[in-house]
Amino acid sequence: MTPPNPKEATPVRSPLLRTLLHAVRARVPGAERAFWNRVETTGTPLVEPDPSGDPAHRLVTFLRRDDPARPATDVLALLHTVTDKDRHAGDLTPHLMERLPGTDVWALSHRLRADHRASYQFYVAHGTRQDTLRTDREAWLRVLAEAVPDPLNGDPRLPARDGRNPASVMSLPEAPPQPYVGRRAGAPGRSVEAEVDGRRVTVHLPAAERPRATAVLLDGEMWGPVLGIGATLDALHADGAVPPTAALLVDTMGRRMEDLSCSGAFVDWLADVLLPWAADAYDLSAPAERTVIAGQSAGGLTAAYAAHRRPDRFGAALSQSGSFWWPDENAPDGRGPEWLTREYARTPRRPVRLHLEVGTQEWMLLPQNRRLRNVLRARGYEVTYEEFNGGHDYACWRGGLATGLTSLLAG
């Protein structure tokens, strides 16, 4: 059965939009122009009190202004994680925005917790059939490739990557602060690109001072040229939040699945080739307790594995949304699901510290991260653990990386 078109079935939930709709129906002169002037001043999305009066939630309305020269037939608001389950199930209803009658306003409201953060984009359709998008994977891939950021959201965007456009970021009032996202004034460090044993590595060195700590960042092609982590490190150094720290950004070079699946060979390469190379080339000689390895998703799994396998070189691990479910039940090596958690449970405690974070919207990762946390604490590990209200999203990770580095390196 085809789900109802939300443009017909969804009531206008936003009080501000209801006011606009009443004014338009009453033919109040300039009502729509005044509405858009207000929105351009305050920015988007529109955040209003929860309709039920719950102070822990907000009514969040995404807005898109139609182009009168080329009116849209549908507009999709693609809010990271919040509607991903429905998209994978082939249901467009949670994405479809409503066109307010008699206006050029497209809108879609979600009731969200006041500490939510997520990236989002819009897809503007001109004649695309909804049933095609529901059943055609290629059509969905085109949607993802052609989706665009919100022009009225002035917050720092997630840059373009993987052939896709930049994404806007929604940060509700109680979302964790991200003071180190975006470049700030201060002494900039320098970044140098190199090739180590056939792998691309970017080295970011702090300004002026000799590094006293080292951070190895997996998925370096994201953190370097795309997300500009060097600016975050410079800001951390300027504030004295971490000691002068050199970052080694390791490019996956198409070998992500091979390297970031508890690969002993890859971790040994990091420990026995990359770190000695950095020590010789840039005089980086931080001891293990001031050498952090950090990663996200499969990289987070690998960071925790590196601390377990090579505590002699990696005394600290930062895991963001770690894929601790790995491997699945059909893995050929017989390790079985949540292998690393069981390894931490059965082996002697290593002299390492860990910082774990995971999103409460990550329905496939949250239980596994909690189980690893419990095992680590039961075994006496020094571990900090945080849950953020968000998903598998660089909009969350770019702030969390700074928090995790501070947790592991400060003092």
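The questions below cover a helix pair and a sheet in this predicted model.

Student: In what sense do H2 and H3 run relative to each other?
Tutor: Helix H2 covers residues 15-25 and helix H3 covers residues 31-42. Their axes come within 9 Å and cross at roughly 160°. Angles over 145 degrees count as roughly antiparallel. H2 and H3 are therefore roughly antiparallel.

Student: By class, which residues make up the contact of H2 with H3?
Tutor: From H2, the contact uses Leu16, Leu17, Leu20 and Ala23. These meet Ala31, Glu32, Phe35 and Arg38 in H3. By class, that gives six nonpolar, no polar and two charged residues.

Student: Why do the buried residues of H2 line one face of the helix?
Tutor: The buried residues in H2 are Leu16, Leu17, Leu20, Leu21 and Ala23. Seen down the axis of H2, they fall within an arc, so they line one face. On the other side of H2, Thr19, His22 and Arg25 are exposed. The arc that holds the buried residues is 165°.

Student: What covers the buried residues of H2?
Tutor: Helix H3 is part of the cover. Strands also contribute, including S1 (46-49), S2 (57-65) and S5 (105-113).

Student: Which are the edge strands of the open sheet of eight strands?
Tutor: The strand order is S8-S9-S11-S10-S12-S13-S14-S15, with mixed pairing. The twist averages 15° from one strand to the next. An edge strand pairs on one side only. The edge strands are S8 (190-196) and S15 (382-388).

Student: Which residue in S9 is the bridge partner of Glu193?
Tutor: S8 and S9 pair in the antiparallel sense over seven bridges. Their hairpin has two residues between the strands, and Asp197 takes a positive phi near 55° there. In S9, the bridge partner of Glu193 is Thr202.

Student: Which residue in S14 is the bridge partner of Leu318?
Tutor: Strand S13 (residues 316-320) and strand S14 (residues 353-359) run parallel. Five bridges join S13 to S14. In S14, the bridge partner of Leu318 is His355.

Conventions
Residues are numbered from 1 along each chain as its sequence is written. This is a predicted model: local features need pLDDT of at least 70, side-chain atom pairs count only at pLDDT 80 or more; totals for chains, interfaces and linings use all residues. Side-chain values use heavy atoms; hydrogens and water are left out. Axes are lines fitted to C-alpha atoms, for helices over the stretch in contact, and angles run from 0 to 180 degrees between N-to-C directions. Helices (H or I, at least four residues) and strands (E, at least two) are DSSP runs, numbered from the N terminus. Angles under 35 degrees count as roughly parallel, over 145 as roughly antiparallel, 65 to 115 as roughly perpendicular and the rest as oblique. Contact means heavy atoms within 4.5 Å. Ala, Val, Leu, Ile, Met, Phe, Trp, Tyr, Cys and Pro count as nonpolar, Asp, Glu, Lys and Arg as charged, and the others, Gly among them, as polar. Two strands pair if DSSP finds at least two bridges between them. Buried means under 20% relative accessible area, exposed over 50%, partly exposed in between (1.4 Å probe, protein chains only). The arc is that of the directions from the helix axis to the C-beta atoms.
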